[in-house]
Amino acid sequence: MPNSSSLSLQQSNVLIEVLYPWLKQFNESLMLEEHSSEGPSVALYRKPESEKYDLDVIGGYSARFEFSLSYKVAKLDTDTKLEATRVLTDLVAHFNDTPPTLTEKDRVIKIEAVTNPALVEEKEGKDLFRVDCVLIYRHRMF
């Protein structure tokens, strides 16, 4: 039996379905899922590097679900840069303080940022900040 494999699209979708409402609990005023044309808004993107590892003979495993959080702002000035960085930093802290409940058989081990929040795209009226994160969880069969 191989010691690792990719997470299926279905498994990734279950995680996305849990993370969006959990993000909304952080701040009810955040616009989620799609970036608003007016900003500010937060979006979550799954990354292809997600994998299962430490597979056991009864079907349990540990998993790494890699994703990005992006924060779009309408104008780029010093105050907005600081606010965007603060929002993304606070979201990651929220992950660590109150991890989401996944499913009855899946338990979050940790969620952490693997990069610092940074400006990744600069277009007039559509400036995008991003932080890359990883959610590590354990799945048990019984």
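Visitor: So, is F65 buried or exposed?
Guide: F65 is buried, with a relative accessible area of 0%. Buried means under 20% relative accessible area, exposed means over 50%, and partly exposed is in between, using a 1.4 Å probe and protein chains only. Keep in mind that this is a predicted model, where local features need pLDDT of at least 70, side-chain atom pairs count only at pLDDT 80 or more, and totals for chains, interfaces and linings use all residues. Residues are numbered from 1 along each chain as its sequence is written, and side-chain values use heavy atoms, with hydrogens and water left out.

Visitor: OK, zoom out. How many helices and strands are there in the protein chain?
Guide: The protein chain has two helices and seven strands. Those are DSSP runs numbered from the N terminus: helices are H or I with at least four residues, strands are E with at least two. Going along the sequence, the pattern is β-α-β-β-β-α-β-β-β.

Visitor: And what share of the protein chain do buried residues make up?
Guide: Buried residues are 39% of the 142 residues. As for contacts (heavy atoms within 4.5 Å), take those with a separation of 6 or more: 66% of them are between residues 24 or more positions apart.

Visitor: Back to rings. How many aromatic pairs does the count come to?
Guide: Rings of Phe, Tyr and Trp (its six-membered ring) pair if their centres lie within 6.5 Å; planes under 30 degrees apart count as stacked, over 60 as edge-to-face and the rest as tilted. By this rule there are four aromatic pairs. One of them is W22 with F95, which is stacked at 4.6 Å centre to centre and 20° between the planes. That pair links distant parts of the chain, since W22 is in helix α1 (residues 9-26) and F95 is in helix α2 (residues 78-97), 73 residues apart. Both W22 and F95 are buried.

Visitor: Why are F65 and F67 called stacked?
Guide: Their ring centres are 5.8 Å apart and their planes are at 25°, so the pair counts as stacked. F67 is buried too, with a relative accessible area of 0%.

Visitor: Nice. What sits over the ring of Y61?
Guide: The charged end of K52 does, 4.9 Å from the ring centre. For that, NZ of Lys or CZ of Arg has to be within 6 Å of the ring centre and within 35 degrees of the ring normal.

Visitor: Tell me about α2. Which of its residues are buried?
Guide: They are T80, A84, V87, L88, L91, V92, H94 and F95. They cover an arc of only 155° around the axis, which puts them on the same side of α2. That arc is the one made by the directions from the helix axis to the C-beta atoms. An α-helix has 3.6 residues a turn, so residues three or four places apart point the same way.

Visitor: What's on the face turned away from the buried side of α2?
Guide: That face carries the exposed residues T78, D79, L82 and D97. On the buried side, the residues pack against α1, β2 (41-46), β4 (61-73), β5 (106-113) and β7 (127-139). H94, for one, touches W22 and F26, not counting residues up to four places away in sequence.

Visitor: And α1, which residues are buried there?
Guide: S12, L15, I16, V18, L19, Y20, W22 and L23. They pack against β2, β4, α2, β5 and β7. S12 touches L7, R46 and F65, again leaving out residues up to four places away in sequence.

Visitor: How far apart are the end C-alpha atoms of α1?
Guide: They're 26 Å apart, and the 18 residues should span 26 Å at 1.5 Å a residue, so the two agree. The expected span is 1.5 Å times one less than the number of residues.

Visitor: Last one. Where is D54 found?
Guide: D54 is in the loop between β3 (51-53) and β4. D54 has a positive phi of about 50° although it is not a glycine. Most residues other than glycine have a negative phi. At 41% relative accessibility, D54 is partly exposed.
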